[in-house]
Amino acid sequence: MSYSPEQLRSDDCERGVSRWRLPPGEKYPTPEVGEFIREGSGTKSSGSDECLAGSVSSSGDYSDHLLVNTDFVDINKDGSADYSDTDSDGEICRGKRIKKNINMLEGCRSVHEFERLNRIGEGTYGVVFRARDKKTGGEVVALKKVKMEKEREGFPMTALREILLSTDHPSVVEVKEVVMDGLDSIFMVMEYMEHDLKSIMETKRQPFSQSEVKCLMLQLLEGVEYLHDNWVLHRDLKTSNILMNNQGELKIGDFGMSRLYGSPLKQYTQLVVTLWYRAPELLLGAKQYSTAIDMWSLGCIMAELLSKEPLFNGKTEVDQLDKIFKTLGTPSEAIWPGFSELPGAKVKFAKQQYNLLRKKFPPTAFTGSPVLSDAGFDLLNRLLTYDPAKRITAEEAVNHEWFREVPLPMSRDLMPTFPAKHAQDRRVRRVMKVQIHWRSSEEGSCNRRD
C-alpha cells in the first residue's frame, strides 16, 4: 500500500516531532530489498538488503559483531557517508539509513572551537566531555571522542551507527555534528543531558512515584516507537543508556549496538543487550529476532523504576535464565510455540509452574513493596511475555490504559531535579579534600603531643 505525502506528513508539531507519520495501525515501509538511495543523486544501486552488517563466521552464519575489521565507511565526493560490509554470501552490501543531514567532510569544524569544561565519563566506545560551543553563544554540549586506536580499515562501525541512526525525535539523543582535531582525533557533538537513570536511582533514597514512572515510561515508549517505526533496533536499552535533564525530559542514547532491520527478518548475532535486560529468546540462542527484544528491556526498566532495583540480576546467561524462570515460571510449548526448538532449551532448568511477578508488585502493600494497579501490572506482564510474537509493541504500550488512570503521568515541568553529575563529582572531590586536610591536621597534632 502506498501513501501520499499529505497522508504521511507529520501532524504533531505541538510535540516538536519532525517526522513522517503513518495512519493508525500502519508501519513505515520496509527498506526495499537490494536498494540504496544516495541522497541528492536520485540514483539507486543494487546489493544485498543487509544494513550495518558485520562479519561472516567460518560456518557461514551471519553475525554482526561490533568493531570487526570488515566494517568500514566510504566517504563520497559530496561528503556524505556510505557504510558497507559483506553479507552471508560474501557480497558487498550497502546499508540503508534514516536520512540524516550530517556532512562528514564539508564544514567539519575543529574541536578547538569547543571549550572543554570537564570530563563526564568513559564508556566502551569513547570518552565523553562536557564542553561549551564558542561559536554559538556558549551552548553546552557533550563531546564524545571516538576510539580509533584499533581501527585499521576506516571509521568505527559503533560510532557510525550512533551518527547515522540518531534520529530527530524529542526522546532520542541528537548527534549534532562531527568535529575533528586531525584524522586520529574525531569527536561526536551531542546534546548534553545532566543525568542517566542509573545514576539517579543510585542517589535517590526512595523509588520514583507512580506518576513519575508514568512520565518517564511514556517518553521512553514514544522514543522506542519512533525507532521501531523507522526500522531501527536499539539492542542495548538499559538505565545507564537512558538520559535525563533537569527539565524532566528523557532521551534514549548510545546507538553503538543498534542496527536497521527489514522484512523478512534475517539472522543476527544474539550477543546483544546487557545481560540483565536481555530477552529470553536471545539467552536461549535465537538468531532471528525483532523489536520484541527492545520491549523486554523496557519491561525490565519499568520494574526497576518502580522498585529501585534490577528485576533480574543474573551473573551468567544460565543464572539469568534461572532468575527469569523462577519469577515468571518455566516456559513451555503451550505458552511459547517454538520454545523447545531454541538451542538453549535443551538445558534442564528447575520447573517453576507459576508466575510470581504479581507478588513482587502487589496492588496494595504494607511491607514497603512497590505497588502496581491491575492496569499497570497488565502492561508490565505484557512487556515481559515469553512469546516474542505475543509481546506488546511500543505503539500498543504508548496507548495503554495505565497512562490514562489516576495518578496521571506527571508533567515534565514538575519532575524532580537532581544535581548534575559533574557537580556531584566536584562535591565529592571537595569533601575528600576536606577529609584529607582534617586527617593531616589530626596526625600533626598527634605528632606534636608525642
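How many of the residues of helix H2 (residues 157-165) are buried? The answer is 9 of its 9 residues, so the helix is mostly covered. Here "buried" means under 20% relative accessible area, while exposed means over 50% and partly exposed lies in between, using a 1.4 Å probe and protein chains only. Met157, Arg161 and Glu162 are among the buried residues of H2.

This is a predicted model, in which local features need pLDDT of at least 70 and side-chain atom pairs count only at pLDDT 80 or more, whereas totals for chains, interfaces and linings use all residues. Residues are numbered from 1 along each chain as its sequence is written, and side-chain values use heavy atoms, with hydrogens and water left out.

**The chain as a whole**

You can find 11 helices and 17 strands in the chain. Both are DSSP runs numbered from the N terminus: helices are H or I with at least four residues, and strands are E with at least two. Of the 450 residues in the chain, 50% are buried. A contact means heavy atoms within 4.5 Å. Among contacts with a separation of 6 or more, 64% are between residues 24 or more positions apart.

**The cores and helix H6**

A nonpolar core is a set of buried Ala, Val, Leu, Ile, Met, Phe, Trp, Tyr and Cys residues joined through side-chain atoms within 4.5 Å. The largest one has 76 residues, and Leu220, Leu298, Met302 and Leu305 touch the most other members. Helix H6 (residues 292-307) gives this core its largest share, 10 residues. Apart from this core lies another, of 18 residues, including Val128, Met157, Leu160 and Met188.

Helix H6 also meets helix H9 (residues 374-383): their axes come within 8 Å and cross at roughly 140°. Axes are lines fitted to C-alpha atoms, for helices over the stretch in contact, and angles run from 0 to 180 degrees between N-to-C directions. H6 and H9 are therefore oblique to each other; angles under 35 degrees count as roughly parallel, over 145 as roughly antiparallel, 65 to 115 as roughly perpendicular and the rest as oblique. Met295, Trp296 and Leu298 of H6 are among the residues making the contact, as are Gly376 and Leu379 of H9.

Cys300 also lies in H6, and at 2% relative accessibility this residue counts as buried. Leaving aside neighbours within four places in sequence, Cys300 is in contact with Trp276, Tyr277, Phe312 and Leu384.

**Around Lys144**

The UniProt record, an unreviewed entry, places the feature "binding site" at Lys144. UniProt positions are given in the numbering used here, feature names are shortened, and annotations may be inferred rather than shown by experiment. Lys144 sits in strand E10 (residues 139-145) and counts as buried, at 10% relative accessibility. Not counting residues up to four places away in sequence, Lys144 touches several residues, including Glu162, Met188 and Asp254.

Finally, look at the backbone. A cis peptide bond joins Ser263 and Pro264, with omega about 5°, and the peptide bond from Val406 to Pro407 is cis too, with omega near 0°.
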